[in-house]
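Here is a short briefing on one protein chain. Look at the sequence and the model first, then work through the points below.

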Amino acid sequence: MSGNETRKIDITRLYTDEAGETHFVEEKLEVQEVNFAPPAPSMFASSPVEAKASVYLLLPEGYFGDFHPAPRRQLMTLVKGALEVKVSDGETRRFTPGGTVLVEDTTGKGHATKSVGGESIVLVAQL
């Protein structure tokens, strides 16, 4: 690596507009080359984002949560299973392990979530 190289990571974000509708948007997160864990080679890292707590969530097989706003801003990463999320503007997306979403729709109509694929879901939420 060159030393001070930057790159971008695609991030999915859920947000609420002024009318109370929830939407997905794809954004780019800039990461900077850093010597994060010497003597391992350099890697790319974002600026730190403060998290007060992390929790693991287990959604049982067949889980369905009808439309609701998020209880707080959170960064959610799917660890196991497949999850379908529908936002109030009508768009639906499916997330699989490794999928991460910045959930910021804490007001308005919110989103609905359901497990798909016949297995339970494991998520990590950073609050």
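## The sheet

Seven strands form an open sheet in the order β3-β2-β1-β9-β6-β11-β4, with mixed pairing. β3 (43–45) and β4 (54–59) stand at its edges. Each of these two has a single partner strand, so one side of each is left without a neighbour in the sheet. Neighbouring strands of the sheet are turned by 35° against each other on average, direction ignored. Keep in mind that this is a predicted model.

**Inside the sheet**

- β6 and β9 pair in the antiparallel sense, over four bridges.
- Gln74 stands opposite Val103 in β9.

**The nonpolar core**

- The largest nonpolar core has 15 residues.
- Leu14, Leu83 and Leu123 have the most contacts inside this core.
- β6 (74–80), β7 (82–87), β9 (100–103) and β11 (121–126) each supply at least two of the core residues.

**Salt bridges**

- Side chains of opposite charge can pair when their charged atoms come close.
- How many salt bridges does a search of the whole structure find? The search finds ten.
- Arg13 forms one of them with Glu27, and the closest N and O atoms are 2.9 Å apart.
- Arg13 lies in β1 (residues 6–16) and Glu27 in β2, so this pair ties together parts that are 14 residues apart in sequence.
- Is Arg13 buried or exposed? Arg13 is buried, because its relative accessible area is 18% and the cut-off for buried is under 20%.
- Glu27 counts as partly exposed, at 32% relative accessibility.
- Arg13 and Glu27 also belong to a network of salt bridges that links them with Arg73 and Glu104.
- Arg93 and Glu26 meet through their side chains in another salt bridge, at 2.3 Å from N to O.
- Arg93 lies in β8 and Glu26 in β2, so the pair ties together parts that are 67 residues apart in sequence.
- Arg93 is partly exposed, with a relative accessible area of 22%.
- Glu26 is partly exposed as well, at 42%.
- Lys114 and Glu84 meet in a salt bridge at 3.7 Å, N to O.
- Lys114 lies in β10 and Glu84 in β7, so this pair ties together parts 30 residues apart in sequence.
- Lys114 is partly exposed at 34% relative accessibility, and Glu84 is partly exposed at 22%.

**Ser115**

- Ser115 lies in strand β10 (residues 111–116).
- Ser115 is buried, with a relative accessible area of 12%.
- Which backbone atom does the side chain of Ser115 reach? The side chain reaches the backbone nitrogen of Gly62, at 3.0 Å.
- Gly62 is one of the residues that Ser115 touches beyond four places in sequence. Others on that list include Pro60, Tyr63, Leu83 and Ile121.

- Most peptide bonds are trans.
- The bond from Pro38 to Pro39 is cis, with omega near 10°.
- Pro39 lies in the loop between β2 (22–34) and β3.
- Gly90 has its place in the loop between β7 and β8 (92–95).
- Gly90 is partly exposed, with a relative accessible area of 41%.
- Gly90 and His23 are 67 residues apart in sequence, and their C-alpha atoms are 8.6 Å apart in space.

Methods
Residues are numbered from 1 along each chain as its sequence is written. This is a predicted model: local features need pLDDT of at least 70, side-chain atom pairs count only at pLDDT 80 or more; totals for chains, interfaces and linings use all residues. Side-chain values use heavy atoms; hydrogens and water are left out. A nonpolar core is a set of buried Ala, Val, Leu, Ile, Met, Phe, Trp, Tyr and Cys residues joined through side-chain atoms within 4.5 Å. Buried means under 20% relative accessible area, exposed over 50%, partly exposed in between (1.4 Å probe, protein chains only). Two strands pair if DSSP finds at least two bridges between them. Axes are lines fitted to C-alpha atoms, for helices over the stretch in contact, and angles run from 0 to 180 degrees between N-to-C directions. A polar contact is a pair of N or O atoms within 3.5 Å; within protein, one must be able to donate a hydrogen and the other to accept it, and residues adjacent in sequence count only if both atoms are side-chain atoms. Contact means heavy atoms within 4.5 Å. A salt bridge is a side-chain nitrogen of Lys or Arg within 4 Å of a carboxyl oxygen of Asp or Glu.
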